[in-house]
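Visitor: I have a model open and some questions about it. Can we go through them one at a time?

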Amino acid sequence: MNVQKFQESMYKLIVETSTNLPKDVRRALKQAKEREIAGTRSAMSLATIADNIKMADENVSPICQDTGLPTFKIKTPIGVNQLELKQAIYDAMVQATKDGKMRPNSVDSLTGENSGNNLGIGVPVVKFEQWEKDYIDVRLILKGGGCENKNIQYSLPCELEGLGRAGRDLDGIRKCIMHSVYQAQGQGCSAGFIGVGIGGDRSSGYDLAKEQLFRSADDVNPNEDLRKLEEYVMEHANELGIGTMGFGGETTLLGCKVGVMHRIPASFFVSVAYNCWAFRRLGVKVDPATGSINEWLYQEGEKVNLVSEEKTEKTEEAKEIVLQAPITEEQIRSLKVGDVVKINGMIYTGRDAIHKYLSDNDAPIDLNGQVIYHCGPVMLKDEEGQWHVKAAGPTTSIREEPYQGDIMKRFGIRAVIGKGGMGAKTLAALEEHGGVYLNAIGGAAQYYADCIKSVEGVDLMQFGIPEAMWHLKVEGFKAVVTMDSHGNSLHQDIDKSSLEKLSKFAEKVF
Ligand SMILES: O=C(O)C[C@H](O)C(=O)O
Ligand code: SF4
């Protein structure tokens with residue numbers, strides 16, 4: 001085995017997976033895009049997603065700033081040295097991180113320290129199996145944190161909101177799957193893909209669910225019951241009206257793959273792995289003698305271009321309001337849910353570590369009237385020491401729910417940008433203080449990186465690149481008001497209406 005060559009092959013696999021969506025995923029997104037009604041928020045979001053996918057491909061830069069937990073699944077012929085392959089993967093990962101193709105994403109769970117190179121205890125995940133074939137099959141999935149947090153595991157029988165009792169049978173399983181899509185709302189960057197594992201124990205059930213994500217998006221389940229179940233879910237989950245980013249719309253789910261395994265008598269688990277639209281998984285067949293790639297997987301068929309040639313998409317229909325910090329309370333109070341804003345000037349990133357920090361410390365800068373962006377970007381420093389943004393989409397805001405309202409009031413922050421929406425505590429604070437929540441398009445990391453014209457500074461670097469407070473100068477940064485200062489929340493509305501729709505599926509089907 002030429003290990004050096006194998007390392008190069010793994011580098012190519014990592015870069016390609018992070019920057020270029022596979023064709024099967026593109027086909028699913030294209031269909032979704034064609035179904036949306038022109039001029040709606042969902043159509044606008046999908047048009048941005050399409051632009052983003054194209055930009056990532058052209059710039060060879062991460063589709064989404066969260067390059068996820070890299071998970072490799074490898075099958076090797078008997079006699080191949082798996083330890084050598086593992087080391088080559090680690091080395092390729094370090095290089096891809098250095099080159100800005102992967103965000104440093106490996107964090108010490110106890111100290112919070114970022115290793116900086118994507119290596120750590122148990123990271124990346126590398127799983128081997130032996131097989132009788134004469135080539136090495138390597139598959140990689142980069143599954144982001146926002147969608148990972150929306151995974152869910154049901155233990156049957158159980159009682160489900162909207163659907164009632166789910167028993168230990170195919171119909172109970174159906175209810176769990178429908179519920180899993182509802183509970184994710186837009187927070188895992190819908191429209192998503194789900195892998196479902198029936199049976200096993202708590203860990204093997206999730207493994208089976210994740211295994212389903214390696215199936216091609218357009219395959220057909222050979223098990224007749226599961227085929228029917230998958231088709232049912234694909235048809236009806238899209239009637240929930242959650243839509244892209246939870247903005248409402250025609251497509252909520254892009255793919256559903258179900259696998260089954262035996263269980264022990266007392267346990268009956270249904271495990272669901274949720275993957276965002278930025279479904280980054282690819283595979284290669286590698287020659288064990290030379291270490292080079294012989295074939296790419298998931299790439300059959302024509303090239304799929306998602307950006308419409310004729311710019312018929314009426315993305316400019318909603319009136320766009322320009323915001324520039326410092327923003328006054330009066331300006332904020334004039335905004336309403338549904339307004340589309342364009343931000344010019346300075347915004348400051350702040351996510352989990354910063355919110356915790358600000359809850360018991362002073363801010364490093366004056367945040368009065370300013371905008372906080374829930375974002376953990378991919379950054380690279382050039383030889384002159386200047387930082388450049390390589391990818392910078394929003395992160396899931398709900399994680400900051402315990403802190404957000406208090407921090408806005410204490411520091412005078414007028415707007416937060418994020419995705420997926422926030423809860424009742426923040427909504428009350430927005431009303432009381434005069435604040436607004438702006439929803440950006442999750443995963444559109446290239447699109448937003450392009451709006452960032454310069455990096456003016458950084459604070460709290462001790463939290464690592466994704467968690468530091470970056471001072472960013474932006475131009476034309478587009479987002480939708482989804483929570484305003486008058487007590488309105490689009491997220492609350494969609495949650496309520498989708499729960500009503502979910503309850504229509506309570507009756508027995510299988
Ligand atoms: O960590 C991130 O940048 C985003 C995360 O994947 C999320 O969806 O919240
Ligand atoms: S931000 Fe959205 S698209 Fe990116 S990894 Fe998280 S869930 Fe996926």
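Visitor: Is Ile347 buried or exposed?

Guide: Ile347 counts as buried, because its relative accessibility is 0% and the cut-off for buried is under 20%. Keep in mind that this is a predicted model.

Visitor: Which element is Ile347 in?

Guide: Strand β13, residues 340-349, holds Ile347.

Visitor: How far apart in space are Ile347 and Gly435, C-alpha to C-alpha?

Guide: The C-alpha distance between Ile347 and Gly435 is 15 Å, and 88 residues separate them in sequence.

Visitor: Next is Lys409. Where is that, and what is its relative accessible area?

Guide: Lys409 is in helix α11, residues 401-411. Its relative accessible area is 34%, so Lys409 is partly exposed.

Visitor: Which way do the residues of β18 point?

Guide: Strand β18 covers residues 436-439. Val436 and Leu438 point one way, Tyr437 and Asn439 point the other way, and all are buried.

Visitor: What does β18 pair with?

Guide: β18 pairs with β17, residues 415-418, in the parallel sense over four bridges. In that pair Ala415 is opposite Val436. β18 also pairs with β20, residues 469-483, this time in the antiparallel sense over three bridges. There Asn439 is opposite Val480.

Visitor: Which helix goes with β17 and β18, and what is the handedness of the unit?

Guide: The helix is α12, residues 424-433, and with β17 and β18 it makes a right-handed β-α-β unit.

Visitor: What about β1? How many bridges join it to β2?

Guide: Seven bridges join β1, residues 69-77, to β2, residues 125-131, and the two strands run parallel. The chain gets from β1 to β2 through helix α4, residues 82-98, in a right-handed β-α-β crossover. Across the pair, Thr76 is opposite Gln130.

Visitor: Now positive phi. What is phi of Val60?

Guide: Phi of Val60 is near 45 degrees, which is positive in a residue other than glycine. Val60 lies in the loop between α3 (41-59) and β1. Its relative accessibility is 35%, so Val60 counts as partly exposed.

Visitor: And Met245?

Guide: Phi of Met245 is near 65 degrees, again positive in a residue other than glycine. Met245 lies in the loop between α8 (224-237) and β8 (253-260). Met245 counts as buried, because its relative accessibility is 1%.

Visitor: Which residue takes a positive phi in the hairpin of β10 and β11?

Guide: That is Gly291, with phi near 80 degrees; the hairpin has six residues between its strands. β10, residues 280-286, pairs with β11, residues 293-297, in the antiparallel sense over four bridges. Gly283 is opposite Leu297 in this pair.

Visitor: Last topic, ligand 2. Where does it sit?

Guide: Ligand 2 sits in the largest pocket.

Visitor: Which residues come nearest to ligand 2?

Guide: Cys64, Gly144, Cys189, Cys276 and Arg280 come nearest, out of 14 residues around ligand 2.

Visitor: How do the residues of that shell divide?

Guide: Six are nonpolar, five are polar and three are charged.

Technical notes
Residues numbered from 1 in each chain as written. Chains lettered and ligands numbered in written order. Predicted model: local features only at pLDDT ≥ 70, side-chain atom pairs only at ≥ 80, totals over all residues. Heavy atoms only, no water. Near = heavy atom within 4 Å. 1 Å grid on protein atoms, 1.4 Å probe; cavity = no way out; pocket = protein on both sides within 12 Å on 5 of 7 lines; lining within 4 Å. Sits in = over half its atoms within 2 Å of the grid points. Nonpolar A, V, L, I, M, F, W, Y, C, P; charged D, E, K, R; others polar. Buried < 20%, exposed > 50% of the residue type's maximum accessible area, 1.4 Å probe, protein only. Pairing = 2+ DSSP bridges. Right-handed = clockwise from strand over helix to strand, strands pointing away.
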